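Please open the structure in your viewer and prepare to select residues by number.

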Amino acid sequence: MDFSLPRDIEQYRQRISTFVEERIMPLEKDRANYDEHENIVDHHLQRLRGEVKEAGLWSPQMPRERGGMGLSMVGMAACYEAMNRSIFGPVCFNAVAPDDGNMMVLEKVGTEAQKARWLQPIVDGRVRSAFALTEPHPGSGSDMAGMMQTRAERRGDRWVINGHKWFITGAGLAEHFMLVARTSDDARKGLTVFLFHRDQPGWEIKRRIPIMGPEEHGGHCELIFDGLEIPDDQVVLGVGEGMKVAQIRLAPARLTHCMRWLGLAQRAMEEALGHVEMRQAFGAALADNQSIQTALGEVAMEIEVGRTLVMKAAWALDQGSFARKEVSMAKVAVSNVLNKAVDVAIQVHGAKGYSQDTVLEWIYRYARQARIVDGATEVHQMLLARMLRSEGNDFWHWEVADQ
C-alpha cells in the first residue's frame with residue numbers, strides 16, 4: 001500500500017493551496033464581497049475564474065483535451081480538499097456541485113454531439129447546470145426508483161414531461177439541465193435521464209426555496225414541468241437507463257462533496273487552533289487546557305479517518321469500481337466530522353465563534369446539509385448494513401495486488 005501522492009499531483013495541490021491563500025481567502029474577510037445569498041459576488045468570481053484558467057488549474061475533473069486538468073479521482077481528492085480551505089474556493093476552479101457531477105457523467109456516457117452541445121459550455125465556464133431529481137411528497141428522494149412521479153410520455157417524435165421537482169441545486173442560474181423522469185413502470189428500466197435548455201418552453205421555476213443558508217449560486221429551486229417537449233437526441237445513454245446514469249453520476253458526485261467537506265473541516269480546525277493558541281484564560285493559553293486538547297485531538301483523528309476513507313473510495317473508482325460501499329462510508333464519516341469540527345471550533349471561540357467575525361458560523365450553517373444531501377446518513381447506513389448481511393466477514397476483505 002502506497003499512500004504517497006504522485007509528484008505531479010502534489011505540485012498541483014501546492015499551486016492550488018497557494019492560489020487559495022493569496023487570491024481567494026482575502027476576499028472572505030470583507031462582507032462586501034458576499035452576494036445576497038452569502039456566496040462570492042459575481043464580478044470577483046469571474047475575475048478569479050479567469051486567473052485560474054491562466055494558471056492552468058481549471059476544471060480538474062475534465063480531460064485535458066476538453067480544457068481541464070485530467071486528474072484521476074485520487075488527484076481530485078487532494079486538490080478539492082485544498083480548494084475548500086476557502087468557502088469561495090471550489091466555484092472559482094469550476095469544481096463545485098452540481099456542475100462537476102454533471103460534467104463527469106456527460107463525459108462518461110454522453111454522445112459526441114451531446115458533449116459538444118451540453119457538456120463543453122459547462123467545462124468552459126460559459127453556462128451553469130443543474131440535475132433535477134428530487135421531488136416533494138409523495139415523489140422521489142432517497143428512493144428514486146420506487147417513488148419517481150415526474151413522467152415522460154412519448155408523443156410522436158417527442159417526449160412530453162409533466163411533473164414537480166424541488167431542492168434542485170443551482171437551478172436559478174442554470175442553463176443546461178439534466179432531468180430524471182419515469183418512462184415506464186418497469187422496476188429496473190423505468191427511469192430515463194433527459195437534457196434540456198433553460199429557454200425551452202413547458203416548465204418554470206416556481207420559487208427559489210428559502211433555506212438556512214448559505215447557498216450555492218443559483219440556490220435550491222422548486223420546478224414545475226407542464227408539457228416540456230424533449231427530442232430523442234436529448235436522451236442520455238438510452239430510454240430506461242436512468243438508474244444506470246444515476247449510479248454513474250452519484251458515486252463520484254457524493255465523493256467530491258466529501259473531498260470539499262474535508263477542506264472545510266480542516267479550515268474549522270485552523271480557525272480553532274489560531275484562537276486557542278492566542279486566547280488566555282485563568283492564567284494560561286486555552287491550548288493548554290486538557291478538555292480542549294481532547295476535543296481538538298479527537299476531531300483531528302476523525303478528519304484523518306475521513307481522508308483515508310475518501311482516498312480509498314477515490315482509488316476504487318479509479319480502478320473502475322462503482323465503490324458503493326466505500327463511498328457510503330466516506331459520506332457518513334465525512335459529513336459527521338464536518339459538523340463536529342465546526343461545532344468544536346465555535347465552542348472554543350465562545351461568543352466570537354457564533355458571530356460573523358469569523359467564517360465559522362457560515363461553515364456551521366452550510367455543514368448541516370451534509371448529513372442530508374446526496375443520500376441521508378441513515379440511507380447510507382442502511383445500505384452498508386445490507387452489504388454486511390450479504391457479505392458477512394467478507395465485508396472487510398483486502399484487495400490483493402496482481403503479482
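Which residues line the second largest cavity? Select Asn102, Leu106, Trp118, Ile122, Ser129, His176, Met178 and Leu195, which line this cavity. The model is predicted, so local features need pLDDT of at least 70 and side-chain atom pairs count only at pLDDT 80 or more, while totals for chains, interfaces and linings use all residues. Residues are numbered from 1 along each chain as its sequence is written, and side-chain values use heavy atoms, with hydrogens and water left out.

A cavity is a set of points, on a 1 Å grid over the protein atoms alone, where a 1.4 Å probe fits but cannot get out; a pocket is an open set with protein on both sides within 12 Å along at least five of seven lines; lining residues have an atom within 4 Å of a point. Grid points are joined across faces, edges and corners, and a volume is the space filled by probe spheres set on the points.

The second largest cavity holds about 30 Å³ of space. Helix H5 (99-109), helix H6 (112-124) and strand E4 (176-182) each supply at least two of its lining residues; helices (H or I, at least four residues) and strands (E, at least two) are DSSP runs, numbered from the N terminus.

Next, select Asn39, Ile87, Val96, Glu216 and Tyr366, the closest to the centre of the largest cavity among its 15 lining residues. About 180 Å³ of space lies there, and H8 gives the largest share of the lining, three residues.

Finally, select Asp2, Phe3, Met311, Lys312 and Trp315, the closest to the centre of the second largest pocket among its 26 lining residues. This pocket has a volume of about 900 Å³, and H9 gives the most to its lining, with eight residues.
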